[in-house]
Amino acid sequence: MTEIEMTDGNFCQVIGEFFKKLLGSSIVEAVLVPQEISGNVVQSLVCSHEKIENVNPLAPVLPVNSARIVSKLTTKDSDQKIAAMLRPCEIRALVELVKLKQAKIDNLLIVGIDCFGTYSVSDYVSKNNEHNNDGSVTIDFLKGIQVNKEISEIRTACRLCHHFVPENSDIAINLMGRDLNKKIVIRAGSDEGKRVLEELGLEDTPESKEREVAVEREKDRRRKLKEEIEKEAVDFLQVISSLCINCQNCRNVCPICYCKQCVFEGPISEYSKEKYLSWARKKGLLRMPEDILLFHFTRMSHVLTSCVACGQCEAACPNKIPLGRKYHRLSNEVQKMLEYEAGRSIDEELPLSAFREDELEAIES
Amino acid sequence: MHKRVLVVGGGIAGIQASLDLAEMGVEVFLLEKGPSIGGRMAQLDKTFPTNDCAMCILSPKLVEAAAHPNIKIIANAELKSLDGEIPNFRAKILKKPRYIDEEKCTGCAICMSKCPVKIPDEYNKGLSKTKCMRIPFPQAVPALPIMDRESCIYHQRGKCRICEKFCEADAIDFDQKEESIDVEVGSVIFASGSEEFDAAIKDEYGYKTFPNVLTSIEFERILSASGPTEGHITRPSDGKEPRRIAFIQCVGSRDMQMGNEYCSSVCCMQAVKDSVIVKEHLPGVEATIFFMDIRAFGKDFDKFVNRAKDDYHTRFIRARISAVEIDPATENLIIQYNSEAGSLIEENFDLVVLSVGLLSTAGIRKMAARFDIEINACGFARTSSFTPMTASRPGIFIAGTFSGPKDIPETVMQASGAASAAASLLTELPIRELREELPQEFDLRGEQIRTGVFVCRCGINIAATVDVPGVVEYASALQGVVHSQEFIFACAQDSQKLIGEKIKELKLNRVIVSACTPRTHELLFQKTLSSSGLNPYLFEFVNIREQCSWVHQKEQEKATEKAKDLVRMAATKAGLLEPLSRMSLKVNKGALIIGGGVAGMVASLELSTQGYEVFLVEKESELGGNLRHVHYTLEGEKTDRFLKSLIAKVKKDDNIQLYIDSEIREIMGYVGNFHTKIGNGKQTTNNKPRELEHGVVIVATGGEEYQPSEYLYGRDERIITQRELEERLTKQQSAIDKLGSIVMIQCVGSRNGQYPYCSRVCCSQAIKNALKLKEINPEVNVYMLYRDIRTYGLKELYYKKAREKGVIFIRYEEGEEPQIEAQNSKSEQQASNGEVLVKAYDPILQRNLVINADLVVLSSAIRARKENKILSQMLKVPLNADGFFLEAHVKLRPVDFATDGIFVCGLAHYPKDVSETICQAKAASARAVTILRKDEIEAEGRVSQIRKERCSGCGLCIEICPYTAIELEEGERVAIVNEALCKGCGACAASCRSAAIDLKGFKDEQILAALSVV
């Protein structure tokens, strides 16, 4: 564990310094870090360290799940090492993509960070606008978190999330259990991370008690939030039937949907007029477009085993269908049944490719 | 002269031997005394323990034998004489007249329909009538009629000739004479079978006197859909459905009065199977089996018996029935029996089935004598445990029940083994090279779709439920269909011929058959397409038997409607079918044999003799496996000498590369092209290559003795296993001399909840050792505590001998296992002076017994090796629930795996004795040679195909493929299919999220097109 003292209370700048150091050390060729760009914070791939100006990994916003970006950067073979600053749900999605051979981490240094949740992009941008983009939204948010203030605008997926501490990262930035005004802590999460910290001349010190307590406290808080949300009953089928416009945005932003071309862009959804009519005749009416439920069920069957419940599908839905909540529940149930947890470990075999004689006993009986 | 073998007898034994030889490049003359090949199996309804329909699995073999260019079937013929010796036998065959010109006859059977004379139908055991001019049964091969001269009006009275009038082929020949055929062959296999016991001899059972007493074979015919009652179970006296059926076991078997002391091996399972089938036909029926011991000694047999008991409520009553009486008023049958407790019970049955044994007759004995084949005391061909298919006369081999009663898989194994043995004699002779000349395929480019639809009635199997003419008419109006018609049996040879003719005549370019299942019959029709110039993949199979007539038996209209829907879907899909080609692949001529026990060594020598290189891998430091612990057989043969000479032969064989102290690390590749890595052994074999290339794999990894945890084993030195007893009997007889009382406990670790299987050999082994004990010291008391004595076949003679020698047999029930108390623990000084008390409940005496034993011998189970799991994963072949390797088909493919090029033999497959192990090892070699002798083999045509543009290279298909046929192409990051390995199972296509995998013949657009019309 390396403790970096805050000199002026600007932790963004401290983290920025860390990445500058990383780039300067020539351990990595480039870093993928969230930076402020006209009112929003988005991932940027930075090669020159003077361009690390507006790093803000703590801004409570997640425009895309960066596992998709890492996938783009790493699937084709490449010797150049890069570092990527990722939130826990992004790392977990990345773990799944690695198992699905859609990303590689051989030459990737994963820098993880504790996540206190995020606003939707539109909420974040409008709050930022209200404060003239002065960075106070992030600071207020973190201050609020520190004093246990409830922030109701946080996305449902984040409120349901119980994976807010980064696992499977090479280097982890610890925020919980710290006085963010005084210092932040950087720890090595792997041998590679240890080596990098050593090379940067940063010392590794043991985990603190305060952090453990803080993590437990945060878990409690989320559990309560989750229970609250689960009280609201949603008839998912009805919501889809009435609200879905088949824009398939959910598919486009999902980090797990990795097909080059979706099956729904193939012959499976092409029918003759007579076919539509015959269906309509059978029931008297046919909801159009007709394959919305088929689309959602197909997508579920494809992604539930690897879904990390990052909620990007819900964020992308123009009609605010509570997809994140649904996927959170279903993926938890499915993964529990298969004794699998998406994003937990690179070594855990994907349920579809592993065969165990004793699996699915719940279904058999 | 090239390799030639005569096979005498066209039952399943003769057919299997012929097919194996033919595939080994040997020309075969298959001689059958009846008018059709098929034997007794053709008369069975279902087969145990899987309840597969006997005819459904046999019929493709009949057709294959008929179609094989290396096999010449000579039916309705007899072997008259056999002179000469290896490899120059001269056989004189007498072919009896059919009164049909076989060249001209089309098998249309019009003669049969017009013949005015009805005679009892032999195929149905006389329970129904057929014509004097008849085709013996619908699937008969050759599919030709035969005339019964004795009943023919013209032959007897000089008038009639109606058949001749109607025969358009001008094929009737009333003056046909016997024909003598001389053939020269290198070797002969006798698969001439056995006869059923004539139940009328045991008149106390009332067979032929009381109408409702049937034999088991007659009952098979009654159960069969093609039988006299068309599968309706009725009793002969009044045609009513029986409600209570009794099966009486051991009729003519285990019967000293009749002089048939042996056990017929198959009747127990046959009766259990029939009790299950009858219950499926008539849910209210109650089936009762009267038996002495239930001999469910085969693979998964006990599980089947348990199912009959638990799920079908078959009653099992242990009683020898002395007589069957009749109630004249109802023609019901009265059976009196003694319960085990001793009380006399009388029960009333509607139908009694006599489980008749298999036996050798005077005729069989005479025939054997004529050809210098020695027979044993029971009248069966004499063989030894070490050469179980070799007859006394050199160059002659035995297969099937001619050498003793056995079930179908045992018969098939012996037949394949005999084929291997016969081929091994003829290694000097060249093979008969035959290339099946297929006509040039039609060029379909620019052709309109012209579909032919053929709908099968399957006798009544389909036609009784589905309106077949209605389906034919409906099909004729479908788009692209230019011809539609029905067949009584689409699989019959004449139907195949007709489909071929229609293809040519009407220029059909798509063929649809609506019949049973593609699983058994698709290949047959595809061959017909190929030989008619049509690509075999322009074919659609519609299963209207299982999917219509069977599942909708009670809703005939719906069944017909569904059949029409399915035909419409097929016709729509057929229009999108494309011609597919099959890849051919080279075959490496080496064989990997895993396991250096008897099975592995016998297989190695067999393959080496036939000229193939063998890599024999043994994990231990010496060869011999489990046989090292067996010193003599039940029949008294010395195994030590046999094993020693076997090891010596293997060691000095130049074709056999021996790897001892070695294990398999990795097996990659596929049939014809395996690559194997052998793990480091000791220095002795270090100079040999560790990476091997070979074409086939034989798994002969054996089994192991169960180390009992029960009965104080391991805690008291007076409790030992049979294997330990056998060691002592051979090596320390003096210690045995002093013993006064020995108790043997059977089924230790077998037939229990966790391990429900029977270890098969322990009863014989116990009796063998009991007899040895009595031989050493006739005064010794030997008690055997057993559940059922399973000395099947001729082993029964030794059970009788043991009883005669005074071995005392006491039965115990499951759940009432004997209890053991050791008075002195072994830690005390004079342990052997103390007593071991064995307590058991005797169900006949109805009381507890206490036996003072000096020694307790446990007949401990044979277990599958734990390592089987690793090897099965490497080879990607399955294990059964008990951990033994699971063959491709328990009846007809007992040494094959579903994966080509991999075979199994010995204890790795299931517990068996040395003779059965040798049989199976030779069978595995025969099957291996059918691959090794070819330079190239053809792969499947319906294989997976990757649409690269859609493939994301996620690799799920690679993990899912059961045949390791898919790899990831690293550069492009897409999956690629090895067509040689792909079996077209479609698992990859179904699992691909991106719809990037098409299974040729089942492409998305083809399936969606079929779906779009329903």
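## Chain B as a whole

Of the 1014 residues in chain B, 51% are buried, where a residue counts as buried if 20 or more other C-beta atoms lie within 10 Å of its own, as exposed if 12 or fewer do, and as partly exposed in between, with C-beta atoms placed from the backbone. This is a predicted model, in which local features need pLDDT of at least 70 and side-chain atom pairs count only at pLDDT 80 or more, while totals for chains, interfaces and linings use all residues. Residues are numbered from 1 along each chain as its sequence is written, and chains are lettered from A and ligands numbered from 1 in the order in which they are written.

The secondary structure of chain B comprises 26 helices and 52 strands, these being DSSP runs numbered from the N terminus, with helices taken as H or I of at least four residues and strands as E of at least two. The radius of gyration of chain B is 30 Å, close to the 31 Å that the globule rule gives for 1014 residues, so chain B is as compact as a globular protein of that length; the radius is taken over C-alpha atoms, and the rule is 2.2 Å times the number of residues to the power 0.38. Along its principal axes, the C-alpha trace of chain B spans about 95 × 85 × 60 Å. Among contacts in chain B between residues at least 6 apart in sequence, 72% join residues at least 24 apart, a contact being a pair of residues whose C-beta atoms, placed from the backbone, lie within 7 Å.

## A covered strand in chain B

Strand 16 of chain B, residues 244-251, is mostly covered, with seven of its eight residues buried. Five bridges join strand 16 of chain B to strand 17 of chain B (residues 286-291), and the two run parallel; strands are said to pair if DSSP finds at least two bridges between them. Within this pairing, B:Phe247 stands opposite B:Ile289 of strand 17 of chain B.

Chain A has 15 helices and seven strands. Its radius of gyration is 22 Å, close to the 21 Å that the globule rule gives for 365 residues, so chain A is as compact as a globular protein of that length. The C-alpha trace of chain A spans about 75 × 45 × 45 Å along its principal axes, and buried residues make up 37% of the 365 residues in chain A. Of the contacts in chain A with a separation of 6 or more, 74% are between residues 24 or more positions apart.

Chain A is divided into domain 1 (2-231) and domain 2 (236-364), with bounds that come from an automatic or database domain assignment. The centres of domain 1 and domain 2 of chain A, taken over C-alpha atoms, are separated by 29 Å. Where they meet, 22 residues of domain 1 of chain A are in contact with 20 residues of domain 2 of chain A. On the side of domain 1 of chain A that touches domain 2 of chain A, helix 2 (67-74), helix 3 (88-99) and helix 6 (156-160) of chain A each supply at least two residues, and the largest share, nine residues, comes from helix 3 of chain A.

## A strand and helix unit in chain A

Four of the five residues of strand 4 of chain A (residues 82-86) are buried, so this strand is largely enclosed by the rest of the structure. Three bridges join strand 4 of chain A to strand 2 of chain A (residues 30-37), which runs parallel to it, and A:Val31 has A:Ala83 as its bridge partner. Strand 4 of chain A also pairs in the parallel sense with strand 5 of chain A (residues 108-113), over five bridges, and in that pairing A:Ala83 is partnered with A:Leu109. Together, strand 4, helix 3 and strand 5 of chain A make a right-handed β-α-β unit.

## Where the chains meet

In the contact between the chains, 17 residues of chain B touch 15 residues of chain A. Helix 24 (956-960) and helix 26 (1004-1012) of chain B are the elements that give two or more residues to the side of chain B that touches chain A, and helix 26 of chain B gives the most, with four residues.

Key
Contact = placed C-beta atoms within 7 Å. Right-handed = clockwise from strand over helix to strand, strands pointing away.
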